[in-house]
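This briefing looks at how the parts of a protein structure meet one another. Please keep the sequence and the 3D view at hand while reading, and look up each residue as it is named.

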Amino acid sequence: MNTEARLQRAKEILAPFARETLTPEANRVDVVIDAADLTKATAALKSADWGYLSAITGMDLGPDAGQLEALYHFCDAAAVTSLRVRLPREGQPEIDSVADQVPVASFYERELSEMLGVTVVGTPDPTHLFLPDDWPDGVFPIRRDFKIEDAAPVERDTPKVPEQGRMGNKFIVPIGPQHPALKEPGHFEFAVDGEIITGARMRLGYVHRGIEKATEQRNWIQNLYLLERICGICSHTHTSAYAQGAEKLAQVEVPMRAQAIRELVAGLERIHSHLLWLGVAAHEAGFDTLFMYSWRDRETVMSLLEELTGNRVNYSISILGGVKQDIGLEQSRSIHKAMDYLEERIRYYLDVVTSDAMFLQRTRGIGTMSRDEAILYGALGPTARASGLERDVRVDAPYGAYPKFPVSLITDERGDLEAKFVVRLKELLVSCFTIRTIVDNLPTGELAVRFPRKVPAGETVSRVEAPRGEAFYFIKSEGGESPTRLKIRTPSLCNWTSVLNKAVGHQLADVPMMIAGMDPCFSCNDRMVTVRRKDDSQTMTWAQLRAYGIEKYKSR
Amino acid sequence: METILAITSIMFFPAGISLILGGMLYEWADRKLVARFQNRIGPRWFQPLADTIKLISKEEIQPLGVNQALFFGLPIVALAGALTAALYVPIFGLQPAHSFPGDLIVTLYLLSLLTMCTGLAGWNSDSRFSIVGATRTLTQLFAYEAPFLLALLGPAMAADSWQISKIVAYTQTHWMIVLQPVGFVIALIGLMGKLELPPFDAPEAETEIVAGALTEYSGRGLALFHIGKSVEMVIGVTLVTAFYLGGLGNPLIFLAKTLGLLLVMAFLQSVLVRLRIDQTVGMWWRAGAILALLQILALIVLK
């Protein structure tokens with residue numbers, strides 16, 4: 001079925017509820033519905049098996065329009081259907097929860113209600129997901145009239161330390177925000193009965209930086225560098241997704257050579273990300289030798305990235321309208337050399353994870369997620385593909401240079417931790433192959449074209465396959481120098497539901513590996529608001545910090 | 001004169017300071033070997049000593065809701081148990097300082113004291129990580145203890161004595177690794193379980209329960225437990241070497257043998273993956289205990 005047919009089908013399914021149907025882009029359809037029809041429309045899409053809920057964008061149309069908008073984006077291959085629900089801005093805007101049909105929506109709904117002030121009726125967990133516990137009531141950062149002064153923290157008697165003590169054989173094992181298993185802050189509470197998990201909860205937002213809000217105050221070019229810093233592991237994913245969206249809005253045609261170089265860097269990024277993951281996952285299992293070896297080999301790709309782009313982490317290869325650096329003869333030679341080494345090592349690791357009997361004891365049959373569960377929980381990326389769910393934006397909706405340099409889809413039917421290792425390692429072999437193909441057949445042409453300072457009004461959806469799954473960007477421009485609304489939904493957020501649901505019934509010892517199995521990235525989960533406490537000496541402005549540093553240096 | 005000798009043997013040699021320093025060297029050798037196997041550089045030779053000095057000089061934090069006497073007493077008892085055990089063992093290939101019929105059993109129980117203290121310390125700490133860690137420590141103790149004991153019983157039965165010095169005299173002429181290979185493997189792996197080395201490090205699996213039973217320990221208490229553990233390593237390696245690898249002989253050769261054993265242990269540590277606690281227990285009772293029993297049975301029948 002092609003994209004038009006899919007969109008046509010979506011229109012038919014949603015026809016009973018549609019107030020208005022728009023086609024903003026060739027692969028998108030926007031259906032305006034009443035808030036009361038939302039659950040029915042979701043159910044209709046779900047029963048027709050049309051795509052999956054990819055993100056919910058909350059938008060404030062401003063005090064003049066007096067309306068809020070919640071956009072429920074459903075994706076089916078390249079087709080995107082958005083259910084557009086308009087809500088009154090004043091009073092108490094309410095919307096029904098769809099979390100009972102789409103469990104992953106629980107996170108999106110929590111975000112929607114805390115960021116935009118929409119009460120989601122019937123959502124399983126109405127507490128804060130990203131904002132701090134001492135965030136004042138009735139202050140919603142994504143609203144247009146939000147002022148940072150309103151966000152002064154309020155005192156609440158929420159218990160800061162989880163309750164201590166024993167309750168028979170059962171107790172809650174808190175993992176995080178600081179815990180040796182977590183390299184980044186997140187908080188999980190696992191209720192355990194002996195060694196068996198009986199319940200799981202999570203809390204995010206410890207490193208929320210307010211990036212979505214910050215993009216509204218920066219111009220199009222500045223945002224590229226801001227968004228690159230969402231995540232150190234998949235920085236190129238975010239610049240690609242953003243640049244692709246902005247270029248679509250600005251109607252800029254990016255030269256093929258630039259697209260190919262972007263895909264090449266994305267491939268290298270995937271290699272470094274998956275090798276990093278391999279090490280972390282092995283460490284969670286207590287297999288430190290594999291950890292050390294895979295991180296040693298990861299240095300090859302890091303050095304290569306440095307050679308190609310000048311940076312190891314935030315490569316900054318993309319600019320709006322193209323790429324910054326070219327790949328010459330010398331670089332292509334080093335790429336081939338590095339690929340020779342990496343391919344050999346990856347084959348070796350593939351052999352280790354599928355044949356080491358003791359390692360298999362920890363991975364085979366652990367955390368098995370069936371294809372149906374993967375669909376239900378909205379899993380993405382390698383987590384979904386390891387359950388046999390064929391979901392990969394690079395294949396379903398090829399963007400950039402992917403039509404010219406396609407990648408093959410790797411899936412595994414088993415759905416356990418072993419399958420996750422196998423899928424990721426095989427993907428690396430595919431990436432190596434694609435990188436070689438691109439280097440040998442690099443299209444000729446310009447590296448970049450001019451990008452305008454102001455971007456014409458419009459809305460666009462940009463989807464990119466990150467190493468962890470689909471990254472979803474929704475960008476709205478009103479013709480100005482900066483975007484009006486930029487919504488980011490990162491892949492880690494979607495995969496949490498599957499882990500939290502699958503953890504119950506497993507042993508505590510398996511949990512770190514199961515969490516690692518989805519390759520969580522907290523920095524891509526958390527993007528939000530910093531609270532500046534006026535009389536808190538621990539927080540300093542940049543100028544204060546600078547003055548403090550100079551003072552300290554002088555008094556040495 | 002007798003008393004002075006006894007005090008010297010406890011305080012300086014063979015137990016006491018020399019044993020503690022020896023334990024640190026063994027610990028360093030183990031860490032360095034594992035690091036080289038993992039393609040890392042590893043610590044410098046004085047790292048365990050530096051760690052200990054640092055820990056002793058640090059503040060000791062006592063968590064709320066613990067029994068104070070137990071909290072401070074347990075590390076001392078643990079270390080004392082390990083040091084006392086050393087008196088009956090041919091440390092560094094020298095004859096044991098003290099010896100009496102049946103000292104093998106006493107030594108093994110003194111060695112278990114450390115594990116019991118660790119478990120109790122975790123249970124006393126009133127922290128969730130400690131409690132889970134303590135449960136795992138004690139569960140694991142019940143898993144490896146019986147097979148380990150049976151594995152050391154093999155040479156004892158062959159030598160017809162429960163006295164370490166007599167067994168060692170017998171093994172001097174009989175290489176038990178050849179006569180009882182099953183026992184050697186079980187003793188070696190049991191020792192790794194006793195020392196909570198990978199793959200038996202579930203009780204202190206940092207990715208799940210931070211540092212297990214000792215999570216709440218800091219400063220002096222932690223240092224004492226660490227010293228106790230390295231002392232236990234020396235004693236364990238010494239016992240297995242003396243029983244299975246041709247007795248004492250020349251101290252230098254004996255030292256080389258223990259280092260060889262350490263090399264094997266470091267290799268196993270780096271290639272094996274941590275077992276879950278249920279897998280550990282299952283493995284020991286399904287394979288370890290039965291194999292050890294079979295060997296004992298064979299010994300009885302053949303004798």
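A salt bridge is counted here when a side-chain nitrogen of Lys or Arg lies within 4 Å of a carboxyl oxygen of Asp or Glu. The model is predicted, and a search of the whole of it finds 47 salt bridges over all chains. One of them joins Glu459(A) and Arg28(A), whose closest N and O atoms are 4.0 Å apart. Glu459(A) belongs to strand E13 (residues 458-466) of chain A while Arg28(A) belongs to strand E2 of chain A, so this pair ties together parts that are 431 residues apart in sequence.

**How chain A is divided**

- Three domains are assigned in chain A, namely domain 1 (3-158), domain 2 (211-524) and domain 3 (526-556).
- When the centres are taken over C-alpha atoms, domain 1 of chain A and domain 2 of chain A are separated by 26 Å.

**Where domain 1 of chain A meets domain 2 of chain A**

- To this contact domain 1 of chain A brings 32 residues, and domain 2 of chain A brings 27 residues.
- About 2,400 Å² is buried between domain 1 of chain A and domain 2 of chain A, and carbon and sulfur atoms give 58% of that area.
- On the side of domain 1 of chain A, the residues that lose the most area to domain 2 of chain A are Tyr52(A), Phe107(A) and Ile142(A), which together make up 21% of what that side buries.
- Five salt bridges are found across this interface between domain 1 of chain A and domain 2 of chain A, and 12 residue pairs are in polar contact between the two domains, counting pairs with both residues at pLDDT 80 or more.
- The elements that each supply at least two residues to the side of domain 1 of chain A touching domain 2 of chain A include strand E2 (28-33), strand E4 (67-76) and helix H3 (105-116) of chain A, whereas E3(A) gives the most to that side, with seven residues.
- Sorted by type, the residues on that side of domain 1 of chain A are 19 nonpolar, five polar and eight charged.
- A further salt bridge to look up is the one between Lys487(A) and Glu111(A), in which the closest N and O atoms are 3.2 Å apart.

**Where chain B meets chain A**

- In this contact, 34 residues of chain A and 27 residues of chain B take part.
- The two chains bury about 2,900 Å² between them, with 54% of it on carbon and sulfur atoms.
- Arg128(B), Val273(B) and Arg276(B) supply 27% of the area that chain B buries against chain A, which is more than any other three residues.
- The side of chain B that touches chain A is made up of 13 nonpolar, five polar and nine charged residues.

**Aromatic pairs**

- Over all chains, the count of aromatic pairs comes to 16.
- The ring centres of Phe291(A) and Trp295(A) are 5.3 Å apart and the ring planes stand at 80 degrees, so this pair is edge-to-face.
- Both Phe291(A) and Trp295(A) sit in helix H8 (residues 288-309) of chain A, four residues apart, about one turn of the helix.

Definitions and conventions. Residues numbered from 1 in each chain as written. Chains lettered and ligands numbered in written order. Predicted model: local features only at pLDDT ≥ 70, side-chain atom pairs only at ≥ 80, totals over all residues. Heavy atoms only, no water. Domains from an automatic or database assignment. Contact = heavy atoms within 4.5 Å. Buried area = accessible area lost by both parts, 1.4 Å probe. Polar contact = N/O pair within 3.5 Å; in protein donor to acceptor, adjacent residues only side chain to side chain. Nonpolar A, V, L, I, M, F, W, Y, C, P; charged D, E, K, R; others polar. Phe/Tyr/Trp six-rings, centres within 6.5 Å; stacked < 30°, edge-to-face > 60°.
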